[in-house]
Structures are given as C-alpha cells and as structure tokens.
Amino acid sequence: MIFKQIALGPMQNFSYILGDERAKEAVVVDAGWEIDNLIRVADKEKLEIRKIILTHSHYDHVQKADELASKTNSTIYFHEDDCNEIKKTIRNPSIKIHKLKNNDEIKIGNVQIKVIHTPGHTPGAICLLAKNKLLTGDTLFVNAIGRTDLPGGNSVKLFESLQKLKKLSDNIEVYPGHDYGEVPFSTIGGEKKTNPYFMCETKEQFLNYLKS
Ligand SMILES: [Zn+2]
C-alpha cells in the first residue's frame with residue numbers, strides 16, 4: 001500500500017492518499033484544500049485517484065471534494081448520517097456519491113479500507129482502517145479529541161466512539177485529520193498512555209474532563 005499524509009490549507013488539515021501500486025489506483029481521504037497538490041502527489045506515485053472518502057461533513061475536510069471528483073472522475077464516499085450536510089457542498093449533480101454504514105469496506109486495488117462509524121464530532125463521523133493504519137478524522141487527534149460543541153456534536157456519543165477505538169490493537173497507527181499534536185501521528189497504545197481524553201474510563205470522568 002502506498003500511503004501519504006499531506007498537510008494542506010490554513011487549518012493544518014491532513015489529507016491522505018492510499019494507493020495500490022499494482023492497480024495504480026488511489027483513494028483520497030478528505031479534500032478541504034489545495035486539491036492540485038493532492039493530484040500532484042498521486043501523479044508522482046503514478047496513481048490515478050478513483051475514490052474520495054470524507055471523514056465527516058465539516059467544510060475544512062469536504063469543500064474541495066466536488067472539484068476533485070470532477071477533475072478525476074471519482075466517486076465520493078461518506079457516512080449516511082452526514083449526508084445532508086455533505087450534499088450541500090456537492091454542486092455538480094453528475095458526481096457519483098456512495099453512502100456508507102458502519103463496517104462497510106471500500107476497496108482500491110487490493111487495499112481494503114474498513115469503515116468504523118464514530119459519531120460524536122458529527123453524527124456521521126467515521127474512522128477508516130487500512131492494514132495497520134487508522135485514519136481518525138476529527139474524532140481522535142494526537143493527545144486530543146474533536147470538539148463536540150458544534151452543530152450535531154454529542155459528547156456522550158464521542159465517548160462511546162472512543163471506547164470502540166480503544167478495542168483496536170495497541171500497535172495500530174493513528175493518523176488524524178489535523179496536525180494538532182507535537183507529532184503528526186501516533187498509535188492506539190500511545191494514545192492510551194498520554195491522551196487525557198482517551199484515558200478516561202467512564203462516561204462521567206470523560207464529561208467532567210471535557211468541562212475542566
Ligand atoms: Zn471537524
């Protein structure tokens with residue numbers, strides 16, 4: 001699997017390219033900014049962008065998906081619970097969309113990407129697991145978590161989503177949707193040791209910590 005983490009735009013957003021070197025095809029995860037840079041990175045790896053997956057509906061992750069899909073003739077994938085918000089940003093009616101559910105799998109060549117529904121930051125927020133890499137969008141950051149005070153946010157749901165992620169092996173690598181940490185990626189095991197939100201064991205602890 002070819003894997004690229006690319007920092008773009010004024011909000012330290014990360015987009016990702018996951019590609020299969022044999023099929024020469026790629027998926028882009030999140031498309032908020034500077035899509036020409038994404039196309040350039042894919043070109044350099046001799047990959048054709050075929051699919052775009054959006055981790056959630058916020059504009060800094062989705063606003064260029066429409067344009068990237070038009071330029072590359074890609075299908076846009078996102079969770080059904082963020083559909084209404086994301087659809088507002090897709091202006092070109094001929095673009096193909098695909099609504100996702102928990103546990104769905106997306107294939108690009110021989111690369112399998114598993115969808116884990118992790119509501120809380122938004123209702124339809126998802127994490128994506130490809131081999132040993134977990135792309136966490138704005139659900140889990142290095143030593144932090146996504147906000148729950150924006151429209152559609154829900155702190156209890158985010159707590160429950162984090163418990164789902166804690167069940168993954170400690171060696172799974174965590175790749176967030178923003179470069180907010182001291183380092184750009186981490187592991188589930190590392191977050192269990194240092195991320196104060198991820199360390200909360202009960203809902204009450206978590207909600208209290210959010211208030212503090
Ligand atoms: Zn967000």
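Tutor: We begin with the metal site, then turn to a helix, a sheet and the whole chain.

This is a predicted model, in which local features need pLDDT of at least 70, side-chain atom pairs count only at pLDDT 80 or more, and totals for chains, interfaces and linings use all residues. Residues are numbered from 1 along each chain as its sequence is written, and side-chain values use heavy atoms, with hydrogens and water left out.

Now the zinc ion. Its ligands are His 56 (NE2), His 58 (ND1), His 121 (NE2) and Asp 138 (OD), at 2.2 to 2.3 Å. Donors here are N, O and S atoms within 2.8 Å of the metal (3.2 Å for Na, K and Ca); water is not among the atoms, so sites may look incomplete. The angles between the four donor atoms run from 86 to 171°, which makes the arrangement irregular. Four donors count as tetrahedral if all angles lie between 85 and 135 degrees; four count as square planar and six as octahedral if opposite donors are over 155 degrees apart and all others between 65 and 115; anything else is irregular.

Along the sequence, the donor residues follow the spacing H-x1-H-x62-H-x16-D. His 58 sits in the loop between strand 4 (48-53) and helix 2 (59-62), and His 121 in the loop between strand 8 (111-117) and strand 9 (126-130), so this pair ties together parts that are 63 residues apart in sequence. Helices (H or I, at least four residues) and strands (E, at least two) are DSSP runs, numbered from the N terminus. His 58 has 16% relative accessibility, so it counts as buried. His 121 is buried too, at 4%. Buried means under 20% relative accessible area, exposed over 50%, and partly exposed in between (1.4 Å probe, protein chains only).

Next, helix 3. It covers residues 65-72, and Ala 65, Asp 66, Leu 68, Ala 69 and Thr 72 are buried there. These residues cover an arc of only 165° around the axis, which puts them on the same side of helix 3. That arc is taken from the directions from the helix axis to the C-beta atoms. The cover over them includes strand 3 (25-29), helix 1 (35-44), strand 4, helix 2 and strand 5 (75-79).

Look at Asp 66 in particular. Its relative accessibility is 9%, so Asp 66 counts as buried. Leaving out residues up to four places away in sequence, Asp 66 touches Ile 76, Thr 89, Ile 90, Arg 91, Asn 92 and Ile 95. Contact means heavy atoms within 4.5 Å. After helix 3 comes Asn 73, with a positive phi near 55°.

Six strands form an open sheet in the order 7-8-9-10-13-14, with mixed pairing. Strand 7 (105-108) and strand 14 (186-187) are the edge strands, and each pairs on one side only. Two strands pair if DSSP finds at least two bridges between them. Strand 9 and strand 10 (residues 133-137) run antiparallel, joined by three bridges. Leu 129 has Leu 134 in strand 10 as its bridge partner.

Finally, step back. The protein chain holds eight helices and 14 strands. Buried residues make up 52% of its 212 residues. Its C-alpha trace spans about 45 × 35 × 30 Å along the principal axes.
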